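Hi,

Here is the structure I promised to pass on. Have a look at it first, and then read my notes below.

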Amino acid sequence: MAQSQDNTQEPVAGRAPLIVGGYDFRSMTEAVAVPVERKTPVGWWFFFLPSLAMLGLFGVSIGWLFWEGTGIWGLNNPVNWGFAIVNFVFWVGIGHAGTLISAILFLFRQKWRTSINRAAEAMTIFAVMCALVFPGIHVGRVWVAYWMFPLPNQMDMWPNFRSPLIWDVFAVSIYGTVSLMFWYVGLIPDLATIRDRAKTRIRQIVYGIFALGWRGSHRNWLHYERAYLMLAGLATPLVLSVHSVVSMDFATAQLPGWHTTIFPPYFVAGAIFSGFAMVMTLMLICRVLFKMEDIITMRHLENMAKIMLLTGCMVGYAYGIEMFIAWYSGNPYEQFAFANRALGPYAWAYWIMVSCNVLTPQLFWFKKMRNHIGWLFISSILINIGMWFERFVIVTSSLHRDFLPANWDYYQATFWDFASLIGSFGLFFTMFCLFARFLPLVATAEVKTVLPEADPHQGEELVRVVPAGSGVEPAPQAAPAGGGGS
Amino acid sequence: MGLMTLDVPEASAGYSHYGVLARFETAKALYRACEAVRDAGYSKWDALTPFPVHGLEKAMGLKPSKLPFLVLATGLSGAGLGFALQSWVHILGYPLVISGKPLFTWPAFVPVTFELGVLGAALGAVLGMFAFNKLPTYHHPLFRSKNFARVTDDGLFIAIEAWDPKYDDRDTAEFLSGLGAVEVEHVPIGDPAEDSEAGGAA
């Protein structure tokens with residue numbers, strides 16, 4: 001372990017530091033800014049070129065789709081929704097962890113989020129980009145995809161706002177927009193850092209334009225922090241609504257296995273579960289590649305593992321309760337759908353899902369496994385495989401055997417289905433590589449606030465007689481209006 | 001106060017200097033100095049830091065941001081417009097009876113109304129923050145100070161502007177040194193010809 005100090009154990013008095021390695025403000029700036037400024041490391045090409053190749057495959061598969069039509073996919077009559085929807089739900093879900101880290105943990109005052117929130121938010125944006133491709137391309141007649149938006153047209157035709165599918169268009173596109181704004185607002189002070197350190201004219205101009213002339217004025221920070229807080233407050237219900245709306249694409253249908261009220265919370269928990277797994281995968285690579293083991297510490301990884309354990313258990317509970325309700329409802333179609341899920345032609349997919357999603361995180365009950373880099377990496381990959389299969393199982397197992405046995409069929413993915421799945425990973429990793437190369441990977445301004453010397457009342461706690469937070473101020477010597485040292 | 005203080009082009013007419021820029025070594029020293037500057041009665045001044053120093057607005061005597069009221073207004077506008085759009089589409093624009101259900105099916109309009117409300121509020125928060133902070137402002141006299149580049153790294157600064165009624169070239173600089181500033185300098189405003197030549201990036 002390259003980290004210089006173990007901060008996963010809380011000392012008897014006080015709290016363990018979030019950042020180790022003895023950073024001050026200047027060395028923190030260096031640690032984050034140098035990867036943006038130095039020559040491209042060879043390791044980066046090792047990730048970027050394969051990603052770019054996969055992105056090329058995405059382009060080819062979409063081009064062929066537009067030329068030939070959705071017949072190139074393995075869709076058939078009962079299974080009209082295949083990989084396109086599975087990939088869409090998967091990618092939207094991945095995005096959710098980024099918003100959880102950036103918004104919900106911010107509202108909960110979880111300061112450890114500062115080391116990972118920038119990268120997690122970037123992940124959200126790229127995941128939403130991948131997600132948005134699929135509803136766009138899967139409609140068959142792509143040239144009329146604009147019908148999804150309420151645009152005045154020569155046919156005097158409008159979208160049906162009573163349909164969850166149109167709710168989805170609004171939820172996901174607004175989610176992408178708000179995430180992008182949240183991310184950019186967070187980036188402004190750090191872009192100003194890169195601008196002020198820039199040695200070349202081009203860098204000064206490009207980073208300068210995006211930094212908007214930020215100069216760290218506290219009169220600006222005042223509005224800035226308020227805007228950030230409100231964006232966090234807005235993103236929190238937004239993210240919960242997005243995957244709830246996605247789940248309603250299924251839940252409002254009458255199909256056994258889809259028509260259930262558990263879907264919104266079950267989808268949200270699964271989304272956060274898979275998203276944290278993806279953050280884990282990315283952070284484990286980035287912290288080594290960019291030598292940030294002391295900023296993204298074992299404690300951050302352990303906290304993420306705990307959230308994966310929690311959400312993994314919630315997902316496992318949802319699988320169990322689905323089975324129970326199918327039996328308890330007394331509805332033979334519902335009972336058949338779930339028996340078919342676990343024992344039918346797609347049983348292999350179901351058991352991959354259960355073993356990856358329910359069993360894998362159970363090892364995180366043990367501290368040793370939460371601190372085991374290798375296991376964290378393997379489990380994060382396994383969990384994302386499992387979560388992809390969860391969406392596959394939900395989509396195909398319910399569709400392929402509906403009410404009439406005469407309609408039954410088996411969905412088999414084709415080469416082009418896999419090409420679009422692999423290609424979407426190419427888009428995601430290409431974007432992430434570019435982000436990690438050209439933008440500060442860690443929210444420097446925010447991380448500086450969790451360093452001990454950022455506290456303007458540092459050391460004052462030692463002379464306090466009354467406990468902090470009791471409402472009684474320790475009498476300051478001079479100025480009466482000194483702020484609370486919370 | 002607040003908004004107008006940084007209105008450099010108007011306020012600076014007739015002044016040869018922007019003011020005094022002082023750097024402090026620690027957040028604690030800056031906090032104490034801000035309290036002292038506030039108590040000395042200065043009004044056209046600012047603290048400039050690489051990260052938001054917790055509670056500094058109290059030490060500076062700043063009022064809370066009014067941004068939440070704007071966000072409430074834009075959020076409600078977004079939700080209202082969203083609801084109006086859907087109602088118009090289903091009652092007047094494209095009235096389709098589906099499964100014998102009424103045209104004004106308001107519960108089905110809730111998700112899109114909510115999403116558009118969030119969009120309105122988020123746009124209000126971001127664009128409102130830009131407007132309140134006058135961003136983008138690519139030119140500012142402070143950028144003329146070499147030392148000031150540290151403001152996005154580790155520099156904790158106080159700048160007192162020359163058009164503050166209490167400002168005095170010598171006394172204000174001495175006052176800031178007395179508060180524990182490690183570096184104090186006078187920042188020029190710069191002439192217009194040089195400004196236009198300086199180009200895009202600050």
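Let me start with chain A: buried residues make up 48% of its 486 residues. Buried here takes 20 or more other C-beta atoms within 10 Å of a residue's own, exposed takes 12 or fewer, and partly exposed is in between, with C-beta atoms placed from the backbone.

Before you go further, note that this is a predicted model: local features need pLDDT of at least 70 and side-chain atom pairs count only at pLDDT 80 or more, while totals for chains, interfaces and linings use all residues. Residues are numbered from 1 along each chain as its sequence is written, and chains are lettered from A and ligands numbered from 1 in the order in which they are written.

**Chain A**

The secondary structure of chain A comes to 15 helices and zero strands. These are DSSP runs numbered from the N terminus (helices are H or I with at least four residues, strands are E with at least two). With a radius of gyration of 25 Å, close to the 23 Å that the globule rule gives for 486 residues, chain A is as compact as a globular protein of that length. That radius is taken over C-alpha atoms, and the rule is 2.2 Å times the number of residues to the power 0.38. Along the principal axes, the C-alpha atoms of chain A fill a box of roughly 85 × 55 × 45 Å.

One helix to pick out is H4(A), residues 117-137, which has 21 residues and reaches 31 Å from its first C-alpha to its last, close to the 30 Å expected at 1.5 Å a residue. The expected span is 1.5 Å times one less than the number of residues. H4(A) is mostly covered, with 17 of its 21 residues buried.

Then there is Leu212(A), in the loop between H6 and H7 of chain A. Leu212(A) has a positive phi of about 60° although it is not a glycine, and it is buried, with 20 other C-beta atoms within 10 Å.

**Where the chains meet**

How many residues of chain A are in contact with chain B? There are 59, and they touch 68 residues of chain B; contact means C-beta atoms, placed from the backbone, within 7 Å. On the side of chain A that touches chain B, the elements giving two or more residues include H1 (25-37), H5 (164-197) and H15 (444-449) of chain A. The largest share, 16 residues, comes from H7(A). By class, this side of chain A has 31 nonpolar, 17 polar and eleven charged residues. Nonpolar covers Ala, Val, Leu, Ile, Met, Phe, Trp, Tyr, Cys and Pro, charged covers Asp, Glu, Lys and Arg, and the others, Gly among them, are polar.

**Chain B**

Chain B is assigned domain 1 (17-64 + 155-198) and domain 2 (67-132), with bounds from an automatic or database domain assignment. Their centres, taken over C-alpha atoms, are 44 Å apart.

Strand S2(B), residues 45-48, points Trp45(B) and Ala47(B) one way and Asp46(B) and Leu48(B) the other, and all are buried. Four bridges join S2(B) to the antiparallel strand S3(B), residues 156-161; pairing takes at least two DSSP bridges. Leu48(B) stands opposite Phe157(B) in S3(B).

Two loop spots are left. A cis peptide bond joins Leu135(B) and Pro136(B), with omega about -5°, and Pro136(B) lies in the loop between H5 (106-132) and S3 of chain B. Ser99(B), in the loop between H4 (67-93) and H5 of chain B, has a positive phi of about 55° although it is not a glycine. Is Ser99(B) buried or exposed? Ser99(B) is exposed, with 5 other C-beta atoms within 10 Å.

Cheers

How values were computed. Contact = placed C-beta atoms within 7 Å.
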